Each structure stands twice: as C-alpha cells, then as structure tokens.
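Welcome! Here is a short tour of a protein chain for anyone meeting it for the first time. Take a look at the structure, then read on.

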Amino acid sequence: HCSGLLLVMEKGKPGEIYNFGSGNELRNIDLIDAILKYMGKGNEYIQFVDDRLGHDQRYSLNSSKVKSILNWTPTVRIEDCLEELIQAYSA
C-alpha cells in the first residue's frame, strides 16, 4: 500500500479516489488458523462472538482504477509475510 500511496502522490490526479487492495479475499477463520499455526497454538484459542449490528459480511475494494491508470499492483502477499508480522506484534 505504501508503494501505491507514493505512486498516487507522484502521478495521481488531485481530487481523484484510488482504492488499494490485494484482490485476494481471505476469510477471518482462515487468517486465524494461519496465525495460530505460526504461533504453535491450537483452535482452543478461538472464541467465537456474535456479529455486531450492521456487521458487513464482506469487505472488498475494487483496485482496477489504480491498476489500470497508474499501473500499480500489490507486491506483498499476507501469506508470504504473516510470520514476520506476528513476530513484530509479539515482541
């Protein structure tokens, strides 16, 4: 996202809206499973809670504008940096 923001500052048009997203949707439970796996923990650490009122079932951004106009593409996948991210927050 930082590379995209820099690209917009350099080449974007003032007043335009640019959305940045990976295009890879990931369910919360799949992300939690991956985090627990990296931490060597089991599913007993998962505590399900009721959805809040008005909870969106899906968050997704359309990044086609920034990809086509500014030729931006994501360079990092969460699957590739998850362990590093967990270590940073665990320190």
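Let us begin with charge: the protein chain carries 10 positive and 13 negative charges, and their mean positions lie 7 Å apart. In this count Lys and Arg are positive and Asp and Glu negative, while His and the chain ends are not counted. Each charge is placed at NZ of Lys, CZ of Arg, CG of Asp or CD of Glu.

This is a predicted model, in which local features need pLDDT of at least 70 and side-chain atom pairs count only at pLDDT 80 or more, while totals for chains, interfaces and linings use all residues. Residues are numbered from 1 along each chain as its sequence is written, and side-chain values use heavy atoms, with hydrogens and water left out.

**Overall build**

- The protein chain has four helices and zero strands, and its pattern along the sequence reads α-α-α-α. Because the radius of gyration is 17 Å, well over the 12 Å that the globule rule gives for 91 residues, the chain is more spread out than a compact globule.
- Helices (H or I, at least four residues) and strands (E, at least two) are DSSP runs, numbered from the N terminus. The radius of gyration is taken over C-alpha atoms, and the globule rule is 2.2 Å times the number of residues to the power 0.38.
- Along the principal axes, the C-alpha atoms of the protein chain fill a box of roughly 50 × 35 × 20 Å.

**Surface and contacts**

- Of the 91 residues in the protein chain, 13% are buried. Buried means under 20% relative accessible area, exposed means over 50%, and partly exposed is in between (1.4 Å probe, protein chains only).
- The protein chain exposes about 7,900 Å², with carbon and sulfur atoms supplying 53% of it. Accessible areas come from the Shrake-Rupley method with a 1.4 Å probe, and for residues only the protein chains shown count as cover.
- Among contacts in the protein chain with a separation of 6 or more, 66% are between residues 24 or more positions apart. A contact here means heavy atoms within 4.5 Å.

**Salt bridges**

- The structure holds four salt bridges, a salt bridge being a side-chain nitrogen of Lys or Arg within 4 Å of a carboxyl oxygen of Asp or Glu.
- One of them joins the side chains of glutamate 16 and lysine 65, at 2.5 Å from N to O. Glutamate 16 lies in the loop between α1 (2–11) and α2 (28–39) and lysine 65 in helix α3 (residues 64–69), so this pair ties together parts that are 49 residues apart in sequence.
- Another salt bridge links glutamate 25 with arginine 58, whose closest N and O atoms are 2.5 Å apart. Since glutamate 25 lies in the loop between α1 and α2 and arginine 58 in the loop between α2 and α3, the pair ties together parts that are 33 residues apart in sequence. Glutamate 25 and arginine 58 are both exposed.
- Aspartate 80 and arginine 77 also form a salt bridge, with 3.1 Å between the closest N and O atoms. Aspartate 80 is exposed at 57% relative accessible area, whereas arginine 77 is partly exposed at 43%.

**Loop residues to look for**

- Isoleucine 17 sits in the loop between α1 and α2 and is exposed, with a relative accessible area of 61%. Its C-alpha atom is 22 Å from that of aspartate 56, and the two residues are 39 residues apart along the chain.
- Tyrosine 59 belongs to the loop between α2 and α3 and is exposed at 55% relative accessible area. From C-alpha to C-alpha, tyrosine 59 and leucine 26 are 9.8 Å apart in space, and they are 33 residues apart in sequence.
- Asparagine 71 is in the loop between α3 and α4 (78–90). Asparagine 71 has a phi near 60°, a positive value in a residue other than glycine, and it is exposed at 64% relative accessibility.
- Threonine 75 is likewise in the loop between α3 and α4, and it is exposed at 70% relative accessibility.
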